[in-house]
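This report describes selected residues of one protein model. Please consult the sequence and structure shown here before reading on.

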Amino acid sequence: CFEDQCNEAIAKLVVIEKNSIRYCTGTLIKGNQILTSASCLPSASRISHLKCSNESNLNIYAIFPQTVFAPAKIASCDKVEFTNHNTNPNPSLWKADIAVISLKENIERKATKFSRSGITSKTKISAWTVNYKTDFLGELKKEKCEVLFDTYLNPFSKGRYSPMLVM
């Protein structure tokens with residue numbers, strides 16, 4: 001990654017459960033914790049304090065890209081610390097879509113700072129995505145966006161417990 005195109009806290013998550021693989025984006029919020037969406041996890045694995053192991057049929061790997069500041073790093077999940085249990089099939093009615101995953105080791109990178117104050121309409125932001133390349137390789141991309149609603153992730157939720165986390 002080039003310096004202006006990399007946020008060293010962003011990781012590609014590879015979620016393996018039984019015979020399925022899914023990919024998500026997560027961000028380092030503490031030395032060994034990743035924030036991602038609860039919908040990234042298979043519904044049967046959205047259990048707070050669930051250990052990641054072959055016995056639980058859940059393995060998650062956080063893949064941090066190489067940056068000008070740090071080498072590439074792959075870290076294994078220790079457990080799902082917290083996750084929302086969104087049972088309503090309509091995502092616009094979810095209060096939040098958040099999961100926190102603990103890694104087996106500390107990651108020596110600058111963690112993302114965030115707040116629960118949300119983003120107001122017409123604010124210009126940078127959005128980071130990890131595009132799929134291979135099962136264990138992703139391309140980090142920075143996009144400039146303008147927020148159209150008070151909360152970018154869920155325009156129907158404007159309450160105190162809105163799912164938008166500003167990073």
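R22 counts as partly exposed, because its relative accessibility is 31% and the class covers values between buried (under 20% relative accessible area) and exposed (over 50%), computed with a 1.4 Å probe on protein chains only. The model is predicted, with local features requiring pLDDT of at least 70 and side-chain atom pairs pLDDT 80 or more, while totals for chains, interfaces and linings use all residues. Residues are numbered from 1 along each chain as its sequence is written, and side-chain values use heavy atoms, without hydrogens and water.

R22 belongs to strand 2, residues 20-30; strands are DSSP runs of E with at least two residues, numbered from the N terminus. Beyond its neighbours within four places in sequence, R22 is in contact (heavy atoms within 4.5 Å) with L13, V14, V15, S39, C40, L41 and P42. A polar atom of the R22 side chain lies 3.3 Å from the backbone oxygen of S39. Between the C-alpha atoms of R22 and I60, which are 38 residues apart along the chain, the separation is 9.6 Å.

Most residues other than glycine have a negative phi. K18, however, has a positive phi, as does H49. K18 lies in the loop between strand 1 (10-17) and strand 2, and H49 in the loop between strand 3 (33-36) and strand 4 (50-51).

| Residue | Phi | Relative accessibility |
|---|---|---|
| K18 | near 50° | 62%, exposed |
| H49 | near 70° | 53%, exposed |

Methods. Helices (H or I, at least four residues) and strands (E, at least two) are DSSP runs, numbered from the N terminus. A polar contact is a pair of N or O atoms within 3.5 Å; within protein, one must be able to donate a hydrogen and the other to accept it, and residues adjacent in sequence count only if both atoms are side-chain atoms.
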